[in-house]
Every structure is written in structure tokens, then in C-alpha cells.
Amino acid sequence: MTAATPIRPAPPAATPALDPRTRLLLQGRPLPVLLRLAWPNTLVMLAQASVGLIETWWVGHLGTDALAGMALVFPGFMMMQMLSGGAMGGGIASAIARALGGGRRADADALVLHALIINGLLGLLFSGLVLGFGPALYRSLGGEGASLEAALAYSNVVFAGAVLVWLYNAFASVLRGTGNMLLPSLAVVLGVLLLIPLSPLLIFGLGPVPALGVAGAGWSVVLTSLLTTALLGWAVCSGRSIARLRPVRLRAALFRDILKVGAVASLSTFQTTLTVMLTTAVVGAAGGPDAIAGYGTGNRLEYLLIPLVFGLGAPLVALVGTNIGAGQRERALRIALTGGALAFLLTEAIGLAAALWPEAWLGLFGADPRMIETGAAYLRIVGPAYGFFGLGLSLYFASQGAGRLLWPLLAGGLRLLIAVGGGYAALHLTGSLTWVFAALALALVAYGTLIAGVLASGAWFRGD
């Protein structure tokens, strides 16, 4: 008899190899990785925010009415940016990050087409709503006469091309969900470089190019958005992304995976924009168009913090989402709190500088004494609370990555209640904008403190 051949155990099934970028998100040291991912994204967000600043600076040369018209439109335009890039974009990035973290590469690819469908349809819907109801909206916010005409001239052009903003943010969010922050940065920076000469050319005209006034500012946004969409679409469709656009069968589960984060995040975005719109109406009731111009110009710095914090927020979505998908919950929470601390320091420094030297900011956009007076009062009171806004906003993005947005939503509701309800009561009781601005500052402190305290206590993981 021959000796029996020993039975050898079968080798373990091969696990899919992780892309090096995904491995970095799962294994790299949190602070260095966050900073490495944040710097190009912060650059792109500053470039994106500078679109509004560049246009406001040029439009300021057309007079206070034109500046007030821009102030009426700006909250709606920023809401569109926040919805398409921060809310639905966060849902897209979170879904892709969680799929890659869990080793579901095919799902990550399929999510690209689902993301484009969602953002494309929402872009068309948003465009139709603003074009149809814009006049009534701007009147309700205090627009009248020349300021209302300027608002409509700008709004009708910008929102006619709104779908481009939604599409390029969908492409950018796909890339960010894979941990690629550089390609979206380059595309948006190129768009801003085009805007710098294009905006004054279309506003004031030169040679055969007619002067379009405020509408020219809108056309410059549409044209640069078209360029950015083309560049980012090429990056995703040409295979320069871990998650690639492929023809796939549409699945309800993948739409839900994006919308369960993006839809809830949209409610938070509506809260933020509604807060600004309603406080704009309160300020307008107290001081008229000149006060609206001052508040809107001062408040634009607060809006500038949103894309700045998004520079940290988009990496937080990718980092937290990937680690949650891989089951590394404690690491995900540690990354979130680290990002929150960085955002607080950054935005608090900006707020304190604005409070100390408000005229340095306001003087960039005009010299009207009433505008400067109102804007300076706002920045001196609200600026020192900017750090809490940055803290809460960064943890909101981290919560997108975790797919847990209840507490950020509740904190946004509290902010809305304190800012608008408290501001209206203060104006009714005192007749002074000073106390209105104090209510806005208190609202920011409550917003950041609530989110940070609850998340640090482990709210993400209760009930799991």
C-alpha cells in the first residue's frame, strides 16, 4: 500500500486589493492625512468662493443698487452651491467612500451614473423654481426699484445655467469620494482664472463686446461653470477616477444610498439659507436697501467660511465614510473631532480679524457710509462667534461621511430659531440692529457647541 497523500487546506480566498488611495484613508495617521487632503480642497474652495467676491467687487462699481441686488440673489446662489456640492455632493461622496471602504468596487462605479441623474434632475428643477418665483422672492426680501431690477438681471442669467453647477459638483463629488481632491481643485481654479478677465469684460464691455451690466456678471458665471463641467466630466469619464462612469442598470438601492445622506443634508442647507434670507428681511425692515447692502456684504464673509470649511469637510466625508465602511468606528470619530478642532481655529482667526478691522473687508466693495456702518456692526458682534460656525459645519460634513445627520439637523434648527426668532424679537423690543446681530452670534455658538458635544459623547454609534 502506498502512503496516503496528506490533505492540504485550501488557500484562503483572495480579497480584493485596496487602491493605494483607499489604503491611505484607512491606515494613514489621521492629522497628516487630513492636512494632505485638505490643502488642495481648501484651495479650490477659496477659488470657488472668490467667484462671488470678484463679481461683487466689479458690480460694486455700478453703485449701491447693483450691490443690493447682488445681496438679494447671493443667498439663493450659495444655497444652490451648498445643495449641489455640500448636501447632495456629500451624499455622493459618502456613498462612494463607504462602497470603496467596504470593498464594493462595482457599486462605487455604478453610483457615478446614479449621482449624475440625481444632480441633473435637481439642477433643472432648481432652475425652473428660481426663474418662476424669483421676482416674488426678492420682493419679499426687501428688493424694490433699481435694486430689484439688478437682482432679476443677474438671477435670470445665473439660474438659467444652474444645471451646469449641479453637474460639475456631481463629478467633483465622485472624485472626492475616492480621496482625490486635486483634480476638482485644478478644474475650479482654471474656471476662476477665466472669470478674472471675463467678468469685467462682460459687465463693462470692450470693443465689439457690449456692456451687459449686472447680467454680464451672470454670464461669466455660466461660461466658467461650463468649462468646469467639461473638465471634471472628462476626468471621470476618461478613467482618471477610481470610481468610473459605466453603463449600468439603475438600482433603487443606489439612489437610496445617495439620498439617505443627501436629502437630509439638503434640509440642513435649507436651514442655513433660510436663516440668512429671513435675517436679511429683518435687517431690510429696520434699515432699508442701504442696510441690506451692508449686512449682505458683511455676511458674505460668513458665507466665505462655508467653502473654506468645505476644504476640510470634503476630506472628512471621504475619511469618515471609508473608515465607517471598513468598521473602524473609533478611528472615524477621532478623525471627525480632529477636523472640527482645525476648522474652529481657522474660522475663529478669520472672525476675530474681521471684528477688529471690519472696514478692511467692507471697503473692498464700496464706500457708502450706511453700508459700512451696518456691515461693521455685524462683523464686530458676529465675527467672534465664527469659530463655532466652523466647528459645527465641519462636524456636519463628518456626519455625512458617517451617514448620521440627525444631530446636525437639530442643531441647524436651533440656530434658525435663535437667529430669526431672537433677532425679530430683539428688533421688536429695542428697534436696534445691534441686538439682532447679538442673536445671530448666540445662534452660531449654540450650533457648534451642540453638535460637538453630542458627537463627542458617541451619538453616531448609539443603537447600533
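Residues are numbered from 1 along each chain as its sequence is written. Because the model is predicted, local features require a pLDDT of at least 70 and side-chain atom pairs a pLDDT of 80 or more, while totals for chains, interfaces and linings use all residues; side-chain values rest on heavy atoms, without hydrogens and water.

The chain has an average pLDDT (the predictor's confidence in each residue, from 0 to 100) of 83, and 92% of the residues score at least 70. Over residues 1–15, however, the pLDDT is below 50, and this stretch has zero contacts (heavy atoms within 4.5 Å) in the model beyond near neighbours in sequence. Where pLDDT is low, the predicted coordinates should not be read in detail.

Helices here are DSSP runs of H or I with at least four residues, numbered from the N terminus. Helix 3 (residues 64–101) and helix 5 cross at roughly 35°, and their axes (lines fitted to C-alpha atoms over the stretch in contact, with angles from 0 to 180 degrees between N-to-C directions) come within 7 Å. The crossing is right-handed (the near helix turned clockwise from the far one by less than a right angle). Among the residues making this contact are Gly-69, Val-73 and Gly-76 of helix 3 and Ala-150, Ala-151 and Ser-155 of helix 5. By class, the contact of helix 3 with helix 5 comprises 13 nonpolar, four polar and one charged residue.

Ser-155 lies in helix 5 (residues 145–160). Ser-155 is buried (under 20% relative accessible area, with a 1.4 Å probe and protein chains only), its relative accessible area being 1%. Beyond its neighbours within four places in sequence, Ser-155 touches Val-73, Val-130, Tyr-138 and Ala-160.

Helix 8 (residues 214–237) has 24 residues and spans 35 Å from first C-alpha to last, close to the 34 Å expected at 1.5 Å a residue. Just after helix 8, Gly-239 adopts a positive phi of about 90°. Helix 14 (residues 406–430), with 25 residues, reaches 35 Å between its first and last C-alpha, close to the expected 36 Å. Its buried residues include Gly-412, Arg-415 and Gly-423. Just after helix 14, Gly-431 takes a positive phi of about 70°.

Methods
Helix = DSSP H or I, 4+ residues; strand = E, 2+ residues; numbered from the N terminus. Expected span 1.5 Å × (residues − 1). Buried < 20%, exposed > 50% of the residue type's maximum accessible area, 1.4 Å probe, protein only. Nonpolar A, V, L, I, M, F, W, Y, C, P; charged D, E, K, R; others polar.
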